Every structure is written in C-alpha cells, then in structure tokens.
Amino acid sequence: MLEAYKISFAHKKHSILENIDVSVKYGELLVIVGPNGAGKSTLLSLLANEAGKNEEPIFFKKKTFEEWDYRDLAHNKAKFSQNNSHDIPLSVKDVVMMGRYPYFQSNPHKKDFEAVQKAMEETDVAYLETRDYNSLSGGEKQRVHLARVLTQLDNEVLNKLVFLDEPLNNLDVLHQHRILHTIKNFTEKGNTAVMVLHDLNLAAQFADTIMLLKKGKVVAHDTPNKVFTKEIISKVYNFPCTVCPNPVNKNPLIIFGT
Ligand SMILES: Nc1ncnc2c1ncn2[C@@H]1O[C@H](COP(=O)(O)OP(=O)(O)OP(=O)(O)O)[C@@H](O)[C@H]1O
C-alpha cells in the first residue's frame, strides 16, 4: 500500500534520516519506536507527504502523492500530529467537524453529522460535545483531535491509510487501550496504520511490525518478537532491560531497569 525507498532528510547538513526503506502492506499496523531524537516524527511526516520532498518518490496505492487529486487523497489518507493547536475558539463538535471539511462546501450534510457523532463516541468525547475546546484537559483535547482524524476517514473508500504521531500522549490507561483497539479494528478491515509510540509494551501488544530507529537509521524492522529482544532494546535505549513472554498474551514483555 505504501512504498518508500531511500528516505533521507537533513537540516543544514545535519543528517536526520539516512536511506530508510519502508514498505507497508494492506491491513498492516506498523509501529515506529526509538529513543528521543531518533527521527520518528520526521520519518512519519515525510511518509505522509507533510514535510519536505524525498528525492525518491513515495508510492501510496501505486501512485505518487503528486499524482493524487487533493480531495481524493484526503478521503484516503489522514494524519494525527503531535503539535495540535492549543487555542481553537470552537466547541468540541465543531473541532471534530473540521475532519469533514474535505466532504462539503459550506454546510455539513447528515452524513457529516453522523460521522462526527460516531467518532466522538469512539474516542469518548461525545459527553463533551458542547464544551469550549479551549477549556478541555490535555487528554480530552488529544481525544478530540483523534476523533477529528477518524471522522476524516469515515467513508466508503477501501484501504485507507492513517498516520498517528504519539496518539497516546496524555491518555489514561483505559483511553490508551480504547484508541489502540479502534486503530486495530481499522487495520483489520484492510486499512493500514503507521504509528509512532514510546510505550514498547503497547507496541508489542498491538503492532504487526515494528521499525526501531536510532540516530536516523533503522536498527531493526520486523515482527515484535524479533525486534524486542533484551540485546537490541538495552543497546538502543542504553538502559538495562529484561524481556520475557507476557503471561497474558505471550507478546514480548519488556521490563526496564532490571
Ligand atoms: N527543523 C529542524 N531543525 C533542526 N533540527 C531538527 C529539525 N527537525 C528535527 N530536527 C532534529 O532531528 C532529530 C529528529 O527529530 P524527530 O522529531 O523526528 O525525532 P523523534 O524520534 O520523533 O523524537 P521524540 O521521541 O523526542 O519525539 C532531532 O534531533 C531534532 O532535534
């Protein structure tokens, strides 16, 4: 579904990403992990075509981003970013409705209101719908923006792609799991998700594949079982850890500081 080769990025001769190949399949949930400053957000923005242009073209459903019609692309691909504006003088439901802008000219239709309602319920912000967005807590704001991104992709298109940059920031454990289950349901329908996460145990539980970055380079790109080993993780994070099978779901369980 998404194919990119030799992704490189530099800022004033300072290399941030070097020769990264990424290929993500239909229905795959790829999680990008790595220490602070590894280049995860930069890679995600480049893959989503929301940062500078890579020398080699990036193919999304076999077409380069330049070949896509702008509106059609917005119905096929969405991105949740880390730096959402903290000052939006709108109600919660109006912020979520922003995700429907690629669907109507001046007035939303019944389908748009339904999509907004559905996404607000999925992210548990429906009870906040009339609240002033600016009065919300950090986690509530985060969930509103996740609803906005989900509502953008609520349509009949097959095989959609969502990018999520640290979507679990500020979320409590219930909402972390709720959002991850929503994303997993999305990929199980043949859609694809590429997500940056810091929590390695949640990545191990939900990802199909893991890309581990350090200093702009890929250290490992494989299934969670292959990437999350004591040797790889303790070396990349420069911190001791133990990896054992999770007693509940048999995924790798990483315990730091041991
Ligand atoms: N515009 C820029 N100017 C200078 N340096 C930049 C710029 N954008 C990113 N960088 C640097 O590139 C590196 C990678 O940044 P990036 O945000 O992609 O890392 P990350 O892996 O997402 O980090 P974190 O886990 O801390 O969010 C960092 O060292 C960052 O300081």
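The stops below go from the ligand to a helix and then to a sheet.

This is a predicted model, in which local features need pLDDT of at least 70 and side-chain atom pairs count only at pLDDT 80 or more, while totals for chains, interfaces and linings use all residues. Residues are numbered from 1 along each chain as its sequence is written.

Begin by selecting the ligand together with the residues around it, among them H11, I16, N36 and K40; a residue is near a molecule if its C-beta atom, placed from the backbone, lies within 6 Å of it. Which helix gives the most to this shell? Helix α1, residues 40-47, does, with 3 residues; helices here are DSSP runs of H or I with at least four residues, and strands are runs of E with at least two, numbered from the N terminus.

Stay with α1 and colour K40, L43, L44, L46 and L47, which are its buried residues, meaning that 20 or more other C-beta atoms, placed from the backbone, lie within 10 Å of their own. They lie on the same side of α1, because they cover an arc of only 165° around the axis, taken from the directions from the helix axis to the C-beta atoms. Just after α1, look for N49, which takes a positive phi of about 65°.

Next, display the open sheet, where 6 strands follow the order β6-β7-β8-β3-β9-β10 with mixed pairing; two strands pair if DSSP finds at least two bridges between them. At its edges stand β6 (77-80) and β10 (217-222), each with a single partner strand, so one side of each has no neighbour in the sheet. Finally, select β3 (residues 29-33) and β8 (residues 192-196), which run parallel and are joined by 4 bridges, and find L30 opposite V194 in β8.

Key
A residue is buried if 20 or more other C-beta atoms lie within 10 Å of its own, exposed if 12 or fewer, and partly exposed in between; C-beta atoms are placed from the backbone.
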